[in-house]
Amino acid sequence: MSLPRSLSFLLTLLLLTAIPASLLAQDAPDPLDPDAGLVPAYFDFDPDIPRDESIPSPESVLGYAAGRAYTLHAHVVGYIEALTAASPRIGTREIGQTWEGRPLHVMAITSEANHERMNDIRLANLKLADPSVPVAEKEAIKAENPVIVWLSYNVHGNEASSTETAMQVAYRLASATDEKTEEWMDHAVVLIVPSMNPDGRDRYVNWYQSAQSHMLRTNASDLEHDEPWPGGRSNHYWFDLNRDWVWLVHPESQGRIAMYQRWLPQVHTDYHEQGYNANYFTMPGQSPRNLNLPDAYDDWADRFGRANANRFDEAQVNYFTREAFDFFYPGYGSSYPSLFGGIGMLTEQGGHSRGGRAVETNDGYVLTLRQRIFDHYETSLATIDLAVRERRALLDYFQEFYSPATRKTLATAYLLNDDRGRGYLYDVLDILLAHGVRVERLTEDVTVRDAHDYATGEPSEARFRAGTFVVPTDQARHIFIETILARQMEIEDSVMYDMSSWSAPLAYNLDAAWTESELRADTDPVTEAPSPRSGISGSPAGYAYVVDWEQRQAPKALAALWRAGYEVRTATKTFTFGETTYGRGALVVLLGRNRDKAGDIHEDMARIAEGTGVHIQGFDTGRMDAGIDLASSSSRPVKEPRVALVVDDGVSSLTAGQLWLLFDRWTEFGIDRIRSGSLSRLDWSQYDVLLMPGGSYGSILDSSAVAALKDWVSQGGTVVATESAATWAVSSGLVDAETAVEWKEKKEEKKKEADEAELKDSYYTRYEARTDSSGLKRIPGAAMLGHLDESHPLAFGVGRQLYALKFNASAITPSDNVQTVGWYEPDASRLLVSGYASEENLKVIAGHAFAAVQNQGSGRVVLLTDNTQYRMFWVGPARLVQNAVMLMPGM
């Protein structure tokens, strides 16, 4: 895995020439140094242990002591390369690049002897996870093989101390010659990712260096402790990468998981930071837990937490356990490893972006960057030490974890009907295969007597055709499969850190079922997901080309047609030619309306079909066998809109980032990002669509700005208001509508006097129980059954049913004033499909709208109360916002 040592050393020297001289001089022992207190002696990194002096320390390469400054990613890479070049214990491999092109690395640190047989160690480790390998062979492996420990640092870019820690840990493991370190190196392979989010880290570090004063400022209100929007937590597209371990939306995750699956470590720790007033958190966490995991997982998490606590007791470092952080959601760096036989763990150091180089806490203590590095250093070494001491027991746990005999699920198989690339099924198959799941495909039709429906959970007899994909649970990855594909996870506690539902068939709106009976049918193994049908038929066409809007990549094809300068229409009604029926939204390119393209159109259509992954059908006639004709007045011209996405202060950076990525990458349709502070002086004539992510628009747009916005809408503009922007549109008077909460309040007005006279039990809720009590009233990311008016352009290509992801009780009350396009199941008892929601909230939103349109003059306001592309994995509803932006302006 090593880079050529001579090349690494040369690159390091070149990188060092780019380090500012001010940083190189920062560690001079000057008693007048304004920030001399940044490096207190009691937070040293094992200064007394013997070391190989030929191995360079971070300080010797970077030019400053740990805690004096934050290190840019390029300089971190420079140090890694210098360390790799100097130490036979380290091999380094690039595992991918970020959206911005920064390299991502993993370091493998172990003894020189282990490096010589590294691939044998890796393959032997994987055999322990293979139920088909004989027990005797596994016993022999466990007697000799090292334990695999993976340490992940800095997934949130502005939790920046941990990358500094990674360099200190790597230096200790590479240079120390004491007996303890050599024991670790003999019996462990330590895999270190020094920065999982270099783009976010550099955004933070560059900002911090530009904001810091010469004289150290420890007041958290000072500029250098007040990071601007969107902050460095997220990656280039403002995504939280610590939610993407399963879904693999981003290149940072894809490269990391490909390497993770090559190793499958027994121990994994994810290093984070929290608010600067908080003491250090270490395992174990709190409920809810993933109850699919072995019972022994909790014991192991507690043991590693106690090992960390012992180090902190000796160092007199403040810490806490068990009072925060659950690991229910599977996409964390602390929970994902637990689904693959590892002891997945979290640590949280106080500090975060407001920590700076030093910050005064609410009890008058000055928390330094140096201490934050030290604290993570201590827990990193404690984790390695316990893993080595318990090597054999961890390998036993790992082996047993993968035994199908231990599975707790009743489901025997999940059945995924082939959507032929029209929906998101092939995306899900890619995800499953990337995580090592065995997927099969029916080679014959089969009748399943207890096919459980995802909408209701009820079983019924169903026929599955040959070509249906099957995920059996009788396989090594059964815990991951059940966690990701089950309709409902068992929930211990409604108070949770994240969401309560993530079932992939619901999130991707798949046609799926599961069975609890033995599936008796012939299958073939699936080694890669199919590709959707693409290319062109009927070319050269004599009259028109048609793109079915129900195809997964149809919006991308529309964007490509616009870029190529074509006049495009969209069919608002269905039509049939031969045996093929085209749904509403089908794109029609008439040759008679694109005469200037006569010499290129046939070649362009073929290029666009292949480039965007759609199938385009050529026609020699506009006369259809049924439905509308291709040039019908119901085939409406759809012009390329000019789109503004609101970003910056007051706007959710996460939702804004999702919308940006949806259009910029998935649709390849360019949109402008407009700062929220510019809206009041924006020349509205430049734009056709205003796309509003969730945010606090009451503080962004005053009454005069709202009036200007309404005037722009009446003249033909389209507002697409999502999440809290939708409820703001109602409360601000931008639209004449009512929310579900307002409707409920009016409905209960008649009982107000009686309620005031009654002393409710809730008035006496104990202080210590208020968090739990409020949690019972929340909707922590639950799946709701939704219905659609598929004849409306907002719903073209989606179908009649989807699963909406709900985080609150916001909804629009249906009325004559708005067109209700999508609404929640009216029966509150059938509304909740997966996750948790209180009965009170279900009654509030049942039957109310999550997608609605109000026409105003020549324009319209589109209201989408829920996130339609949450984390880019709950994307079943994503076509709604694509339609709102790309089709609705022409309707």
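Predicted model: local features only at pLDDT ≥ 70, side-chain atom pairs only at ≥ 80, totals over all residues.

User: Are helices α4 and α8 roughly parallel or roughly antiparallel?

Analyst: Helices here are DSSP runs (H or I, at least four residues), as are strands (E, at least two), numbered from the N terminus. For α4 (residues 73-86) and α8 (residues 161-175), the axes come within 11 Å and cross at roughly 5 degrees. Since angles under 35 degrees count as roughly parallel, over 145 as roughly antiparallel, 65 to 115 as roughly perpendicular and the rest as oblique, α4 and α8 are roughly parallel.

User: Which residues of α4 meet α8?

Analyst: Contact means heavy atoms within 4.5 Å. On the α8 side the residues are Thr163, Met167, Ala170, Tyr171 and Ala174, and those they meet in α4 are Val76, Tyr79 and Leu83.

User: Is serine 87 buried or exposed?

Analyst: Serine 87 lies in the loop between α4 and β1 (90-97). A residue is buried under 20% relative accessible area, exposed over 50%, and partly exposed in between (1.4 Å probe, protein chains only). With a relative accessible area of 0%, serine 87 is buried.

User: Which residue's backbone nitrogen lies 2.7 Å from a polar atom of the side chain of glutamine 551?

Analyst: Glutamine 551, in the loop between β19 (544-547) and α18 (554-563), counts as buried at 9% relative accessibility. A polar contact is a pair of N or O atoms within 3.5 Å; within protein, one must be able to donate a hydrogen and the other to accept it, and residues adjacent in sequence count only if both atoms are side-chain atoms. The glutamine 551 side chain reaches the backbone oxygen of aspartate 548 at 3.2 Å, while the backbone nitrogen lying 2.7 Å away belongs to histidine 615.

User: What is the length of the polar contact that joins the side chains of threonine 868 and glutamine 869?

Analyst: Threonine 868 is found in the loop between β36 (859-864) and α28 (878-886), and its relative accessible area of 6% makes threonine 868 buried. Its side chain and that of glutamine 869 are joined by a polar contact of 2.4 Å.

Notes:
Residues numbered from 1 in each chain as written. Heavy atoms only, no water. Axes fitted to C-alpha atoms, helices over the stretch in contact; angles between N-to-C directions.
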